[in-house]
Amino acid sequence: QVQLVESGGGVVQAGDSLRLSCAPTERTTTTYAMAWFRQAPGKDREFVASIGWDGGRIDYRNSVKGRFTISRGNAKNTVYLQMNNLEPEDTAVYYCAANHKAFGSRAAHEYKYWGQGTQVTVSS
């Protein structure tokens with residue numbers, strides 16, 4: 001079983017940046033496609049970005065395109081989300097997810113492994 005842990009959340013002002021990190025709690029034997037989702041209070045969990053197993057096939061939701069960058073780290077199955085020019089609308093709990101596919105997906109149900117979430121709060 002793969003367990004993921006996110007970090008890097010915090011409270012920032014609009015226009016600031018944050019870099020979220022996600023890593024498995026133990027060494028993994030295979031590489032997964034990974035993604036970031038977020039969930040704001042009273043809203044459904046929504047797709048943010050995904051990245052293929054080899055760092056290709058990157059996808060973003062439209063509202064973060066040009067502001068957020070997803071990338072894989074050197075360690076297997078580590079993933080980052082660089083968030084620039086944050087907006088109050090970005091406030092949410094951000095979750096890291098992984099699946100056994102080569103490419104990511106926008107559908108949460110296709111991801112088998114999830115982190116516990118890290119809170120991102122953006123004040124105006």
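**Figure 1. Trp-114 is partly exposed, with a relative accessible area of 23%, and the charged end of Arg-45 sits over its ring.** The model is predicted: local features require pLDDT of at least 70, side-chain atom pairs count only at pLDDT 80 or more, and totals for chains, interfaces and linings use all residues. Residues are numbered from 1 along each chain as its sequence is written, and side-chain values use heavy atoms, with hydrogens and water left out. The charged end of Arg-45 is 4.9 Å from the centre of the Trp-114 ring. Arg-45 also lies over the face of Tyr-95, at 3.8 Å from the ring centre. A charge sits over a ring if NZ of Lys or CZ of Arg is within 6 Å of the ring centre and within 35 degrees of the ring normal.

**Figure 2. Tyr-32 and Tyr-113 form an edge-to-face pair.** The structure holds five aromatic pairs, counted for rings of Phe, Tyr and Trp (its six-membered ring) with centres within 6.5 Å; planes under 30 degrees apart are stacked, over 60 edge-to-face and the rest tilted. The ring centres of Tyr-32 and Tyr-113 lie 5.7 Å apart and their planes stand at 65°, so this pair is edge-to-face. Tyr-32 belongs to the loop between strand 3 (18-24) and strand 4 (33-39), and Tyr-113 to strand 10 (residues 113-114), so the pair ties together parts that are 81 residues apart in sequence. Both Tyr-32 and Tyr-113 are buried.

**Figure 3. Phe-37 and Trp-114 form a tilted aromatic pair.** Centre to centre, the rings of Phe-37 and Trp-114 are 5.1 Å apart, with 50° between the planes. The pair links distant parts of the chain, with Phe-37 in strand 4 and Trp-114 in strand 10, 77 residues apart. Phe-37 is buried, at a relative accessible area of 1%, whereas Trp-114 is partly exposed at 23%. Phe-37 and Trp-114 belong to one aromatic cluster together with Phe-47 and Tyr-111.

**Figure 4. Cys-22 and Cys-96 form a disulfide.** A disulfide is a covalent bond between the sulfur atoms of two cysteines. By the rule used here (cysteine sulfur atoms within 2.5 Å), the count comes to one disulfide. The sulfur atoms of Cys-22 and Cys-96 are 2.0 Å apart. The torsion about their S-S bond is about -80°, so the disulfide is left-handed. Cys-22 lies in strand 3 and Cys-96 in strand 9 (residues 92-99), so the pair ties together parts that are 74 residues apart in sequence. Cys-22 counts as buried at 2% relative accessibility, as does Cys-96 at 0%.

Figure 5. Helices (H or I, at least four residues) and strands (E, at least two) are DSSP runs, numbered from the N terminus. Along the principal axes, the C-alpha atoms fill a box of roughly 45 × 30 × 25 Å. Buried residues make up 43% of the 124 residues.

Note on methods: Buried < 20%, exposed > 50% of the residue type's maximum accessible area, 1.4 Å probe, protein only.
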